[in-house]
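Hello,

Here is the structure I promised to hand over. Please load it first, then read the notes below.

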Amino acid sequence: MRGMGRVRQAWERVSLYLPVVLMGLMALGTWWLVRNAPKPLRPAQVVAPTHEPDYFMRGFSVKSFDANGRLQSEIRGDIARHYPDTDTLEIDKAHMRSMAPDGRITVATANRALTNSDASEVQLFGNAVVTREPLKRPGREPLPRLQFKGEFLHAWLNSERVSSNQPVTLTRGNDQFTADHMDYDNLEQIMQMRGRVRGSLMPPAR
C-alpha cells in the first residue's frame, strides 16, 4: 500500500508540472518551426536600364498598319539596335516610308537614323534626305514634290515638320532654297530659314 501511495504522490507531482512541460515543448516546437520555415523572398532590386542595346536586327523590314489594315509606315535597314532606356531604334543605312491619310507618301533615307517606338519622330544623320512625293487633288492645284537634303534632319512625320541646325537644301517643285538652319511646318505652311539664305524661284508653267 505504501508503494502505491508513493506512486500516487509521484504522479500527482508530475501532473502538476506536466502542463508547464507541454507548454515548453510547444514553445520550443514553435521556435523551431519559425527558425526553419522558408524565408519570404525579397523583392528583386530594380536596376535602371543602361544605354546598351537589348536586341539587334540585320537586313530587316518592319511594317505597321492601322485598324483598317492600311499600311502606315515601313522601316528597312542593314542593322538596327534597340535601346530600352529610351525605347529608340538606331538604324544603319536606313530607309523609311510613311503614308499619310490623304495618300501622300514620305520617304526618308540616311546613313544612320534614330527613331522613336512608333517611327513618328526620326533623326537622320549623314546624307539625310526626306522626300514628300507629289499628290494630285481633284479640283484643286496638285501638291508639288518637296525634298530636304542635309547632313542632319529632324522629322516629325505625323505633324509634317522638318528642322535642321545644319546647312540644308529645300526643293519644292522647281524652286530651291538653301540655309544654315531651317524649320518647316507643312500643316501651318510656315518655313523659317536662318543664316546664309539663298533661293531661286522659277515661274509657274503655263
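This is a predicted model: local features need pLDDT of at least 70, side-chain atom pairs count only at pLDDT 80 or more; totals for chains, interfaces and linings use all residues.

With four residues, β6 gives the most. The volume of the largest pocket is about 430 Å³. Its lining has twelve nonpolar, nine polar and six charged residues.

The second largest pocket has a volume of about 270 Å³. It is lined by 13 residues, and Glu141, Pro144, Arg172, Gly173 and Asp175 lie nearest its centre. That lining has seven nonpolar, two polar and four charged residues.

Terms for this part: a pocket is an open set of points on a 1 Å grid over the protein atoms alone, where a 1.4 Å probe fits and protein lies on both sides within 12 Å along at least five of seven lines. Lining residues have an atom within 4 Å of a point. Points are joined across faces, edges and corners, and a volume is the space filled by probe spheres set on them. Nonpolar covers Ala, Val, Leu, Ile, Met, Phe, Trp, Tyr, Cys and Pro; charged covers Asp, Glu, Lys and Arg; the others, Gly among them, are polar.

**Ground rules**

Numbering starts from 1 along each chain as its sequence is written. Local features need pLDDT of at least 70 and side-chain atom pairs pLDDT 80 or more, while totals for chains, interfaces and linings use all residues; side-chain values use heavy atoms, without hydrogens and water.

**Fold and hairpins**

The order along the sequence is α-β-β-β-β-β-β-β-β-β-β-β-β.

Strand β1 (residues 55-65) runs antiparallel to β2, joined by ten bridges (pairing requires at least two DSSP bridges). Phe65 stands opposite Leu71 in β2. The two strands form a hairpin with five residues between them, and Gly69 in the turn has a positive phi of about 85°.

β2 also pairs with β3, again antiparallel, over nine bridges. Here Ala80 stands opposite Ile91 in β3. This hairpin has four residues between its strands; Asp87 in the turn has a positive phi of about 50°.

**Core**

Of the 206 residues, 30% count as buried (under 20% relative accessible area, 1.4 Å probe, protein chains only). The largest nonpolar core has 27 residues (buried Ala, Val, Leu, Ile, Met, Phe, Trp, Tyr and Cys, joined through side-chain atoms within 4.5 Å). Ile91, Met96, Leu124, Phe148, Leu153 and Met182 have the most contacts inside it. At least two residues each come from β2, β3, β4 (105-115), β5, β6, β8 (168-172), β9 (175-179) and β10 (181-185).

Beyond four places in sequence, Met182 touches Phe148, Val162, Ser163, Ser164, Val168, Gln192, Met193 and Arg194 (contact: heavy atoms within 4.5 Å).

Is Ser163 buried or exposed? Ser163 sits in strand β7 and is buried, at a relative accessible area of 12%. Setting aside neighbours within four places, Ser163 is in contact with Leu153, His154, Trp156, Met182 and Asp183.

Best regards

Conventions:
Buried means under 20% relative accessible area, exposed over 50%, partly exposed in between (1.4 Å probe, protein chains only).
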